[in-house]
Amino acid sequence: MKKTSSELKNQVNQTRRDIVRMVHEVQSGHPGGSLGCAEFFTVLFQNILRHNSDEFNMSANNEDVFILSNGHISPVYYSALAHSGYFNVSELNTFRKLNTRLQGHPTTHEGLPGVRIASGSLGQGLSVAAGISQAKKLDNDNKLVYVLMGDGELQEGQIWEAVMYAAHNKLDNIIATVDVNGRQIDGDTKDIMGFTELKSKFEAFNWNVISMDGNDIDDVQETLYKAGMLSGNGKPICILMQTEMGNGVDFMMGSHKWHGIPPNDEQLASALVQNPSTIGDY
Amino acid sequence: MTNPTIEKKDTRSGFGAGLYELGLQNKDVVALCADLTGSLKMNAFQEEFPKRFFQMGIAEANMMGMAAGLATAGKIPFTGTFANFSTGRVYDQIRQSIAYSHKNVKLCASHAGLTLGEDGATHQILEDIGLMKMLPGMVVINPCDYNQTKAATMAIAEYYGPVYLRFGRPKWPIFTDTKSFQIGKALHMREGKDVTIFATGHLVWNSLEAAKALEEQGISAEVINIHTIKPLDNEAILDAVVSTKCVVTAEEHQMNGGLGDSICQLLSKNLPTPVEMVAVNDSFGESGKPIELLDKYGLGVKDVIAAAQRAIARK
């Protein structure tokens, strides 16, 4: 059952609350990029993916797959997995605690349903997606492979090996989204390793490139539908997703500083006031 | 190499032959190669099963991630490149996407060690066994001849989990049969009562030659082939050492991190015993012919003989 726009907005609000509460609880984790991607994860997991969250199947035969390459934004990923039925939302309370399945960075090692590959060391997810894409083509499985990467992450060389491979081999069942928030740990991406014009770079590698405002829920939904329509046309698809790191929490926006630090009690209270409870906290 | 009549083939050809047979038997087996199809002897698989063969170009990091993805979707990927580019170059990709994620990927590595020869030290990796055995859950296999490499290639497809399979470039004597290989099961090559030589890879042959020479000196040397370095066949090793009471280890690898190091760990915990290690001593290799290099770096037949004599003297 597809969610309406207002239901999606309520879910986004709840996911923002989950994110700040999770990182506050253990005083560690990555709230900035997680908040910036709340709309993307909500739309993807609630309305786009054709997946079976009741019975997790690692091999994802005849299911759409999502691979998170920039694993540090695990809070938003875990919230999306829980709210789409992979595990109980109450488990979000175990994030980063000893013996948890919700490790600091996502892993298959503890058997968390929904996760198909460990990520955290950057640059590896697109290659994994390419492997799943090839397997689907071998099996005549026409479902899609979604992958999310950070823009800073594109500084890793392996990404470009995979970009090259995917285009050469016409992996047109891959929809790779880049979270273009313009921030990384040490500062703004344009200052650290400025390589602007991502669109022309992906196009030069023979990818189909589209853009969206990642913090506009309707644009995210429309663009993800459009990307699905573009699949099967001989080219892999790249979505350049403009986002604001820390979106929805005013003091976390406009800077790289909230990449990987948790809010204190006062800051948590402020973040929660800005994002009132909608469907109930875990 | 004292027997000129014995048949010789390269172990990498054993890999190629095993992979081709697997292709016929198991439709889930897929192969990836980073621009070294001829060197890895993967041509037969490529020609017979083109849809299941993935040419990766010179991009090993992507190959490891691709293999992890193919395994996620239920395939049994065999990656092929030189041992150096199969391990050190892509250690983090293997660690995170394959080992930690427990993917059923078979990392198949040719041209390991000094016997790669003339290409020199940039390609002669002598650290790969150590790198791979340190990864939790990784199986590490270094077969000794063509037949054993073929058998090992086929056996690892039946085992679920990540495996590092290491083999080499030169033509080497064939002295095992394909039926005797079992993952994790040491293979007794020669009985003896004065010293046990535990050897892996190409050095098994050198150890057998050394045992023959030792016999002429009145020394009875047992030779055991430890093709699987991890998991180690602890029981077979301890059983042998209880009676001979001294040990030589022999491998085409650094002393640090290799087979000898694993055996010393086992013995120091369970049965402290004099051990002499035939291995490269904290050094890079260089260009030269395989046999010249083995001799120069202390891995020749004479070196195994001398190590056995030293081990016996320490009993």
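**Exercise 1.** In this predicted model, determine the handedness and the geometry of the crossing of α3(A) and α9(A).

*Solution.* The helices α3(A) and α9(A) cross in a right-handed manner. The next step is to locate the two elements: α3 covers residues 38-48 of chain A, and α9 covers residues 217-230 of chain A. Their axes lie 9 Å apart and form an angle of about 50 degrees. Angles under 35 degrees count as roughly parallel, and those from 65 to 115 as roughly perpendicular. The two helices α3(A) and α9(A) are therefore oblique to each other.

**Exercise 2.** Describe the overall build of chain A, and decide how its radius of gyration stands against the globule rule.

*Solution.* Begin with the secondary structure: chain A contains 10 helices and seven strands. Its radius of gyration is 17 Å, close to the 19 Å given by the globule rule for 282 residues, so chain A is as compact as a globular protein of that length. Along the principal axes, its C-alpha atoms fill a box of roughly 50 × 45 × 35 Å.

**Exercise 3.** State what share of chain A counts as buried, and what share of its contacts join residues at least 24 apart.

*Solution.* Of the 282 residues, 52% count as buried. Taking contacts between residues at least 6 apart in sequence, 76% join residues at least 24 apart.

How values were computed:
Residues numbered from 1 in each chain as written. Chains lettered and ligands numbered in written order. Predicted model: local features only at pLDDT ≥ 70, side-chain atom pairs only at ≥ 80, totals over all residues. Axes fitted to C-alpha atoms, helices over the stretch in contact; angles between N-to-C directions. Helix = DSSP H or I, 4+ residues; strand = E, 2+ residues; numbered from the N terminus. Parallel < 35°, antiparallel > 145°, perpendicular 65-115°, else oblique. Left-handed = near helix turned anticlockwise from the far one by under 90°. Rg over C-alpha atoms; globule rule 2.2 N^0.38 Å. Buried ≥ 20, exposed ≤ 12 C-beta atoms within 10 Å, placed from the backbone. Contact = placed C-beta atoms within 7 Å.
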